[in-house]
Amino acid sequence: MSHAAVVLNASRIVMEGTTEKTITFDNTSDNPFIVQVEPDNSDKPDFVAMPPVFKIKEKGGQVVKIKLLSDTLPQDKESLFYLNFTQIPGIKKNEGDDNRLNIIIKSHLKIIYRPKSVSGFSEKSEAKVSYEILNGKLVIKNDTPNVLSISDVSYEKRILLKNVTIKPGEVISKSIDSNQVAGPLKAVLINDYGMPVSFIIASKIIRK
């Protein structure tokens, strides 16, 4: 039985002030793999990967260049795209395949384009993320120029929301028991390096 073992050297791809970036795939296993890299929306692709398909030998690596296709991306906020990469286990020359089960695994990663004029999310940005309770719903607005990848939002010890991505200027909502929420919320953000960072979402009238 073959297990997928090709990994990208980052949990997300952040392109700071550039529309091109080189990324590295590593094969941590003792078997070769075929890897295909493609945009999430293949009908109208946001980027090209060079090479789009490659073989990566056991314990080997492969460099891939990602190039965004649009030359009219907003320069006052981040833009979000998605990359898919599929890994197919190969077979060594000295191995038989009679009893071999090959598992094809598809991974989904974010590509974030960050213009030169935009800084990453920081403590100074917290005040621009706010919430209110409206008609029995938790409503959160992101007034930052950043794409927020949030693993969870909680009040005291109760999880209210899990695994959401909020784009700049976007509002999300979820029905909750509003009688149990009356104060600041704790959110856990996944930063550029894939690490969890806690911040507070204040209870305020949603504002600019």
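## Close-up views of a predicted model

**View 1. Strand β11 supplies the bridge partner of Ser130, which is Lys141.** The model shown here and in the other views is predicted. Strand β10, residues 129–134, pairs with strand β11, residues 137–142, in the antiparallel sense, and six bridges link them. Two residues lie between the strands of this hairpin, where Asn135 takes a positive phi near 55°.

**View 2. Strand β10 also pairs with strand β16.** Strand β16 covers residues 196–203 and runs parallel to β10, with two bridges joining them. Ser130 stands opposite Ala202 in β16, while in β11 the bridge partner of Ser130 is Lys141.

**View 3. Strands β12 and β13 form a hairpin with two residues between the strands.** Within this hairpin, Glu156 takes a positive phi near 55°. The pairing of β12 (residues 148–155) with β13 is antiparallel and extends over seven bridges. Ser149 has Thr165 of β13 as its bridge partner, and Asp152 stands opposite Lys162 in β13.

**View 4. Strand β12 is joined by four bridges to strand β15.** Strand β15 spans residues 185–190, and the two strands run antiparallel. Val153 stands opposite Ala187 in β15. Eight of the eight residues of β12 are buried, so this strand is largely enclosed by the rest of the structure.

**View 5. An open sheet is formed by seven strands.** Their order is β13-β12-β15-β16-β10-β11-β14, and the pairing is mixed. Strands β13 (158–166) and β14 (171–175) stand at the edges; each has a single partner strand, so one side of each is left without a neighbour in the sheet. From one strand to the next, the twist averages 25°.

**View 6. The largest nonpolar core has 24 residues.** Phe25, Val37, Ile66, Leu83 and Ile111 touch the most other members of this core. Which residues are in contact with Ile66, leaving aside its neighbours within four places in sequence? They are Met15, Thr19, Glu20, Lys21, Ile23, Val37, Phe47, Val48, Ala49, Leu83 and Ile111.

View 7. Residue 129 belongs to strand β10, which covers residues 129–134.

Definitions and conventions. Residues are numbered from 1 along each chain as its sequence is written. This is a predicted model: local features need pLDDT of at least 70, side-chain atom pairs count only at pLDDT 80 or more; totals for chains, interfaces and linings use all residues. Side-chain values use heavy atoms; hydrogens and water are left out. Two strands pair if DSSP finds at least two bridges between them. Axes are lines fitted to C-alpha atoms, for helices over the stretch in contact, and angles run from 0 to 180 degrees between N-to-C directions. A nonpolar core is a set of buried Ala, Val, Leu, Ile, Met, Phe, Trp, Tyr and Cys residues joined through side-chain atoms within 4.5 Å. Buried means under 20% relative accessible area, exposed over 50%, partly exposed in between (1.4 Å probe, protein chains only). Contact means heavy atoms within 4.5 Å.
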